[in-house]
Amino acid sequence: MLTFDSVTKTFENQVCALDNVSFNIKRGEFVYIMGPSGAGKSTIFRLLTLEERPTSGQIILENQVINTLRRSRVAALRRRLGVVFQDFRLLPNKTVYENVAFAMKVVEASETHIKERVPLLLELVRLLPRKDSYPDQLSGGEQQRVAIARALANDPGILICDEPTRNLDSATAKEIMRLLNLVNERGMTVLMATHDREMVNFMQQRMIIIESGKKVLDQTKGGVSS
Ligand SMILES: Nc1ncnc2c1ncn2[C@@H]1O[C@H](COP(=O)(O)OP(=O)(O)O)[C@@H](O)[C@H]1O
Ligand SMILES: [Mg+2]
C-alpha cells in the first residue's frame, strides 16, 4: 500500500531530516510513527503529500512511484490522502457541516452525494447534533473530530495524522485515539505521528520509531520486524 524505499531528505541548509528510511505499510494497517520533536516525523508526511521531494530513494503509494510525479499531478495525488493536523485547520466561517461538505465540493462531488455522505461522516465522529455549530463553539476534541470527518470525506486510500492529539488533554486525546482505531477497524489504513509514548502504549499497534532521521525500530503488534 505504501513503501518508503531508502528515503533520504537533506534540506538546503544541510539538515538531514531523514536518513535512508525504509518501511512498508499494508492496506488496513494502523501504524504509529514515534519519535521526539525534530526526529523527522512531519518530513515523512510532507514527502507523502509532495510538499517536499526526497533527496534520494523512492516512495510508492498503491503501486505508483509518487516522488517523481509532475507538479500537475500533485493535486490529484493529494485527493487520495486524508490529512489531519495537530491544529485542526478548520475553516472558521463555515459550520461543522459546511467544513466537511466543502472538502467534497472542492473535488466536485455531486450535491446528492454530499447530502448523503456528510451526515454519515458526522454520525461516525458523533457530531451530527452539532452540525450547525462553528469551530470556535467547539472544544478542541470536537474540532479534531470534525477534521477527521473532513479528512475521510473523499474516501482516501490512507489517513495520515500528524500529532493529532498534541493540543488535547489526555482524556480527550484517548477519545481521538479510540475514534482513529474505529476508523481503522472499518478498513482505513492509518498512519499517525506522535511523540507521546503514553498514547502508543494505550493503543497497542505497530510502531515505527524514528530518531534523528533514522528508523531505529519497527515493531509489529506482536514483536519486532524488519
Ligand atoms: N524546510 C526545512 N528546512 C530545513 N530544515 C528543516 C525543514 N523542515 C524540517 N527541517 C528539519 O528537519 C528535522 C526534522 O523535522 P520534522 O520532520 O519537522 O520533525 P518532527 O515532525 O519529528 O518534529 C528538524 O531538524 C527540522 O528542523
Ligand atoms: Mg512534526
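**Before you start.** Residues count from 1 along each chain as its sequence is written, while chains are lettered from A and ligands numbered from 1 in the order in which they are written. Because the model is predicted, local features need pLDDT of at least 70 and side-chain atom pairs count only at pLDDT 80 or more, while totals for chains, interfaces and linings use all residues.

**Stop 1: the six-strand sheet.** Show the cartoon. Helices (H or I, at least four residues) and strands (E, at least two) are DSSP runs, numbered from the N terminus. Two strands pair if DSSP finds at least two bridges between them. Find the open sheet with the order β6-β7-β8-β3-β9-β10 and mixed pairing. β6 and β10 (214-219) stand at the edges, each with a single partner strand, so one side of each has no neighbour in the sheet. From one strand to the next, the twist averages 15 degrees.

Stop 2: Select residues 81-84, strand β6. Gly-82 and Val-84 make up its covered face, and Leu-81 and Val-83 its uncovered one. Which residue of β7 is the bridge partner of Val-84? Cys-161 is.

Stop 3: Select β9, residues 206-211, together with β10. Here the sense is antiparallel, over five bridges. Look for Glu-211, with Lys-214 of β10 opposite.

**Stop 4: the four-strand sheet.** Now find the open sheet ordered β2-β1-β4-β5, where pairing is antiparallel. Its edges are β2 (16-25) and β5 (64-65); each has a single partner strand, so one side of each is left without a neighbour in the sheet. Select β4, residues 56-61: two bridges join β4 to β5 in the antiparallel sense. In that pairing, Leu-61 has Gln-64 of β5 as its bridge partner.

**Stop 5: two helices.** Select α3 (residues 96-106) and α5 (residues 140-152). Their axes come within 8 Å and cross at roughly 25 degrees. Axes are lines fitted to C-alpha atoms, for helices over the stretch in contact, and angles run from 0 to 180 degrees between N-to-C directions. The helices are therefore roughly parallel to each other (angles under 35 degrees).

**Stop 6: ligand 1.** Zoom to ligand 1. Residues around the ligand include Phe-11, Asn-13, Gly-35, Lys-41, Ser-42 and Thr-43. Which helix gives the most to this shell? Helix α1 (residues 41-48) does, with three residues.

Notes
Buried ≥ 20, exposed ≤ 12 C-beta atoms within 10 Å, placed from the backbone. Near = placed C-beta within 6 Å. Parallel < 35°, antiparallel > 145°, perpendicular 65-115°, else oblique.
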